[in-house]
Amino acid sequence: MGNTIIPLGDGGDEATSRWMKAAGIAIDEEHYRKVANAKDIDRRTYNSRQHQDYLKPEEVLECEKFRIQDTYGMSVTPELVEQDDSGRLIKKIVALEAILAAPLEMVTDDQGREFIPPPTIVAERDKSERERLAICTDWSNLSTAWLMRHRLGLRAVLMDLMSGVEIKGDEAMIQALADFSKRNASHVKGILNLTIPLSEYPMWILGQYLSQLGLSTESRRPLEDGQRVRYYRLNTSDVEFAQKVLDYRQRQREERERKRQESLELQAAYAARMQSQYGIEQRGTCAEEQRGKNLYNNSPLEPVKKQLLQFIIWKAF
């Protein structure tokens, strides 16, 4: 039913606390097992159930299994259900995918200020959200989060770490990341929802950013010149899992693009046949598309959206 067991009260009954903790772990493990063993459903069934007011418990488990399998492209196991953490993990991997994407060339706005536009994949997500929630103004602003991570220099650090490079934490780019984080701690909190204490060391700060991307570090301490030196690198299992999901998501995008191109080719072929046989052009569809573009471009909310995004970027930096 979605309930969570937690201990409450001022008492210090250790036995009861351990019992409650064990009960919570047992309930979670049973949920993971039930999701993994739920019946498989197709996308049509899943989509239809999203519009229903009430679902049976077994239907909820089936939808959860389909979501996880469709999200990660893997067979659903209890371990994967636990790792998914009710959909929180895929949000982190999406953020990792965004920061690893190459940014566009720097542009200048109407007031002469320069900034780097986010990658196309990030801008498209923001655009699709605004089109899907046209009335809402509380959008997630993925582009702003990407810009903050980019200004931190996180992409350069990740490119090295993802390729297997080890760091000690005293490198110039790690120090610069920590210094920028402390100077702009309030903006980091407002945009990335991350608190940066001024007393923490650079590797701890980097670890917080990596945690938001579904990554963690592991270390070793070899003996060098009679002293122990700690080297950090990304957790191998985290990198392998994230890379599999990123490759799967790339294949999904390529497949959607292929289907879109095929649909366009079929429409063009149909229009050519109608023109050759009856002399009829597909003007109706073109007119509807143009009318939709005009309505979108002439919407009174469109200038407000652009000004709002520019103000957020300018205010943050």
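The accessible surface of the protein comes to about 21,100 Å² (Shrake-Rupley method, 1.4 Å probe; for residues, only the protein chains shown count as cover), and 51% of that surface belongs to carbon and sulfur atoms. Keep in mind that this is a predicted model, where local features need pLDDT of at least 70, side-chain atom pairs count only at pLDDT 80 or more, and totals for chains, interfaces and linings use all residues. Residues are numbered from 1 along each chain as its sequence is written, and side-chain values use heavy atoms, with hydrogens and water left out.

**Exercise 1.** Work out whether the length of helix 9 fits its number of residues.

*Solution.* Start with the element itself: helix 9 covers 172-183, with helices taken as DSSP runs (H or I, at least four residues) numbered from the N terminus. Next, take 1.5 Å times one less than the number of residues. For the 12 residues of helix 9 that gives 16 Å, and the end C-alpha atoms are 16 Å apart, so the two agree.

**Exercise 2.** Find the buried residues of helix 9 and say how they are arranged around its axis.

*Solution.* Buried means under 20% relative accessible area, exposed over 50%, and partly exposed in between (1.4 Å probe, protein chains only). Step one: the buried residues are Ile174, Leu177, Ala178, Phe180 and Ser181. Step two: looking down the axis of helix 9, these fall within an arc of 165° (taken from the directions from the axis to the C-beta atoms), so they line one face. Step three: check the other side, where Ala172 and Arg183 are exposed. Finally, see what the buried residues pack against: helix 7 (142-151), helix 8 (154-162), helix 10 and helix 11 (202-212). Contact here means heavy atoms within 4.5 Å.

**Exercise 3.** Is asparagine 184 buried or exposed, and what does its side chain reach?

*Solution.* First, locate asparagine 184: it's in the loop between helix 9 and helix 10 (185-192). With 15% relative accessibility, asparagine 184 counts as buried. Its side chain reaches the backbone oxygen of phenylalanine 180 at 3.0 Å.

**Exercise 4.** Which residues does leucine 206 touch, not counting residues up to four places away in sequence?

*Solution.* Go through the list: Leu154, Val157, Leu161, Ile167, Ile174 and Leu177.

Definitions and conventions
Helices (H or I, at least four residues) and strands (E, at least two) are DSSP runs, numbered from the N terminus. A polar contact is a pair of N or O atoms within 3.5 Å; within protein, one must be able to donate a hydrogen and the other to accept it, and residues adjacent in sequence count only if both atoms are side-chain atoms.
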